[in-house]
Amino acid sequence: MPPPNSNRGLELVLLGGFEVRLNGVRVAGVSYNKMRALIAYLAMEQDRDCRRETLADLLWGNVGSETARGNLRRTLADLRKALELPSGKILFSTDKHSIRLN
């Protein structure tokens, strides 16, 4: 029999502190503020594709667009390492222009 909470999937706690859980277990790898902001934004907008350009400008509007896009790519890669690798599931749908949390 599977352990309790083993099928809960991805959970975010956004009020009273920030926490990410996979199947009820806290994930420590979501460690920096832009990473937290990206996963929170994608979770709030999960029923639509989010344009990469919009996300980059929202999170890194104070730097050039090329730097912002690079920062977005690296942050998404870090989220994938922290969440997709341990879960074995594809949690993000991406293409050249957009990102979506599944």
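## Basis

The model is predicted, so local features need pLDDT of at least 70 and side-chain atom pairs pLDDT 80 or more, while totals for chains, interfaces and linings use all residues. Residues are numbered from 1 along each chain as its sequence is written, and side-chain values use heavy atoms, without hydrogens and water.

## Fold and dimensions

The chain has 3 helices and 6 strands, in the order β-β-β-α-β-α-α-β-β along the sequence. Helices (H or I, at least four residues) and strands (E, at least two) are DSSP runs numbered from the N terminus.

The radius of gyration, taken over C-alpha atoms, is 14 Å, close to the 13 Å from the globule rule for 102 residues, so the chain is as compact as a globular protein of that length. That rule is 2.2 Å times the number of residues to the power 0.38. Along the principal axes, the C-alpha atoms fill a box of roughly 50 × 30 × 20 Å.

## Burial

Of the 102 residues, 32% are buried (under 20% relative accessible area, 1.4 Å probe, protein chains only).

## Helix 1 and helix 3

The axes (lines fitted to C-alpha atoms over the stretch in contact, with angles from 0 to 180 degrees between N-to-C directions) of helix 1 (residues 33-44) and helix 3 (residues 65-87) come within 10 Å and cross at roughly 80 degrees. The two helices are therefore roughly perpendicular (65 to 115 degrees).

Lys34, Met35, Leu38 and Ile39 of helix 1 meet Leu72, Thr75, Leu76, Asp78, Leu79, Ala82 and Leu83 of helix 3, contact being heavy atoms within 4.5 Å.

Definitions and conventions: Parallel < 35°, antiparallel > 145°, perpendicular 65-115°, else oblique. Buried < 20%, exposed > 50% of the residue type's maximum accessible area, 1.4 Å probe, protein only.
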